[in-house]
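Points are grouped by topic.

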Amino acid sequence: MSARPFAKAVVKRLVDAGHVAYFAGGCVRDDLMGHASDDIDIATGASAQEVQALFPKTIPVGVAFGIVVVVHEGHQFEVATFRKESGYLDGRRPTLIERASPEEDAKRRDFTINGMFWDPLEEKLYDFVGGREDIQARVVRAIGDPHERFLEDRLRMMRAVRYATRFGFVIDPPTESAIRSHAQALLPA
């Protein structure tokens, strides 16, 4: 059985407790591309501790980053608090995490095609970064300044190439240029 109704039930429990909650990232992208997936991530205004208090079975995979896995009816859903990040020192992880609005959370993500949210209760798309248009144009584009995105997390360069290859998309010129500029930092000696 599809995980979708169970993910929707997790969103509903969060909303009923007074929190904003949406499907997030790749599952939204895949749905818009006609490739429904049971790998559903959820973003919420609730803190990791509030999520843990609402669900009887959780796995604390990244509480410091506001991330817990909720196990509901045998399905696992990564539930993350809307956040802003800063202070990247190692090209991979932020040193400062702050709670944020859905729009701020979208703008910290890697690519426009991954920066959208879907409200399964209202059946409404939230696209603060132009992801839907880039899916239609078949483009992988970094959110904001691609140099900043790749300095924050070097692995994003590999993800850009993977998405372009997987979906038959092109990488937009500024994003591609930034990849070329930072590629040697991807696997430092």
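The largest nonpolar core has 39 residues, and L14, I42 and V140 have the most contacts inside it. Such a core is a set of buried Ala, Val, Leu, Ile, Met, Phe, Trp, Tyr and Cys residues joined through side-chain atoms within 4.5 Å. Buried means under 20% relative accessible area, exposed over 50%, and partly exposed in between (1.4 Å probe, protein chains only). The model is predicted: local features need pLDDT of at least 70, side-chain atom pairs count only at pLDDT 80 or more, and totals for chains, interfaces and linings use all residues. Residues are numbered from 1 along each chain as its sequence is written, and side-chain values use heavy atoms, with hydrogens and water left out.

- A second, separate core has 9 residues, including Y22, F82, V129 and I143.
- Leaving aside residues up to four places away in sequence, L14 touches H19, A21, I42, T44, A46, V51, L54, F55 and V79; contact means heavy atoms within 4.5 Å.

**Sheet**
- Seven strands make an open sheet with mixed pairing, in the order β3-β4-β5-β2-β1-β8-β9; two strands pair if DSSP finds at least two bridges between them.
- At the edges, β3 (58–62) and β9 (124–127) each pair on one side only.
- From one strand to the next, the twist averages 30°.
- β1 and β2 (residues 41–44) run antiparallel and are joined by 4 bridges; A21 has T44 as its bridge partner in β2.
- α1 packs on the sheet, touching β1, β2, β4 and β5, and its direction makes about 150° with that of β1; axes are lines fitted to C-alpha atoms, for helices over the stretch in contact, and angles run from 0 to 180 degrees between N-to-C directions.

**Hairpin**
- β8 (residues 116–119) and β9 are antiparallel, with 4 bridges, and M116 stands opposite D127 in β9.
- The hairpin of β8 and β9 has 4 residues between the strands, and E123 in the turn has a positive phi of about 50°.

**Helix α8**
- T175, A178, I179 and H182 are the buried residues of α8.
- Seen down the axis of α8, its buried residues fall within an arc of 105°, so they line one face of the helix; the arc is that of the directions from the helix axis to the C-beta atoms.
- Exposed P173 and R180 lie on the face turned away from the buried side of α8.
- The cover over the buried residues of α8 includes β10 (139–140), α6 (146–152), α7 and β11 (170–171).

Methods:
Helices (H or I, at least four residues) and strands (E, at least two) are DSSP runs, numbered from the N terminus.
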